[in-house]
Amino acid sequence: MDLTETCLDSESIVETSFLKISRDSIRLPNGKQSERVVVRHPGAACVLAVTAEDKAVLVRQWRYAVGKPLLELPAGKLDIAGEDPAECALRELAEETPYTAERVKLLHTFYTAPGFCDEKMYLYLAEGVREGSELETDEDEFTETVLMSREEVRAALLNDEIADAKTLIGLQYWLLNDQ
């Protein structure tokens with residue numbers, strides 16, 4: 001069965017420095033027409049960093065859209081068109097926490113909200129994690145670093161203390177690969 005939806009026309013609704021929102025007229029697989037509102041996003045990278053003491057490096061930050069702080073893996077959008085997501089992951093770890101990494105390894109890519117947004121997230125595992133970052137967060141970003149053991153992560157998951165999708169994916173990977 002062909003499930004392809006074809007764009008017939010696109011009207012820009014909002015354009016910001018990194019997001020574009022459009023209303024698209026489309027042709028459905030059955031030939032009928034419909035509309036889709038689409039958020040275009042440059043993509044983002046997140047990083048699962050684990051200290052030598054086997055603690056995951058997380059950040060707590062206020063998320064205005066949901067009206068509360070969330071506990072998350074360090075992450076951020078790709079700043080420049082064509083930016084290497086691995087470089088973005090390393091930068092975000094160093095900006096949002098006191099930690100750095102020698103390198104990162106791609107674990108998985110996924111779409112964050114494919115029903116209305118094309119944001120592609122790159123999940124990396126940091127290797128050679130150590131304290132010593134001299135980078136600072138962006139001027140409009142405030143984060144608190146939180147280190148959690150596997151037991152603490154399991155408890156936080158059971159208590160619904162972690163509600164961010166990228167973090168759930170990354171931490172589940174970590175827990176499933178317990179060594």
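Predicted model: local features only at pLDDT ≥ 70, side-chain atom pairs only at ≥ 80, totals over all residues.
Local features need pLDDT of at least 70 and side-chain atom pairs count only at pLDDT 80 or more, while totals for chains, interfaces and linings use all residues. Residues are numbered from 1 along each chain as its sequence is written, and side-chain values use heavy atoms, with hydrogens and water left out.

The domain assignment gives domain 1 (6-40) and domain 2 (44-177); such bounds come from an automatic or database assignment. Taken over C-alpha atoms, the domain centres are 30 Å apart.

Five residues of domain 1 are in contact with four residues of domain 2, where contact means heavy atoms within 4.5 Å. The area buried between the two domains is about 410 Å², and carbon and sulfur atoms give 59% of that area. Buried area is the accessible area (1.4 Å probe) that two parts lose on being put together, summed over both. F18, V39 and R40 supply 79% of what domain 1 buries against domain 2, more than any other three residues.

R40 also takes part in a salt bridge: its side chain meets that of D118 at 3.4 Å, N to O. The count between the domains is one salt bridge, defined as a side-chain nitrogen of Lys or Arg within 4 Å of a carboxyl oxygen of Asp or Glu.

F18 has K77 over the face of its ring, at 5.0 Å from the ring centre. The criterion is NZ of Lys or CZ of Arg within 6 Å of the ring centre and within 35 degrees of the ring normal.
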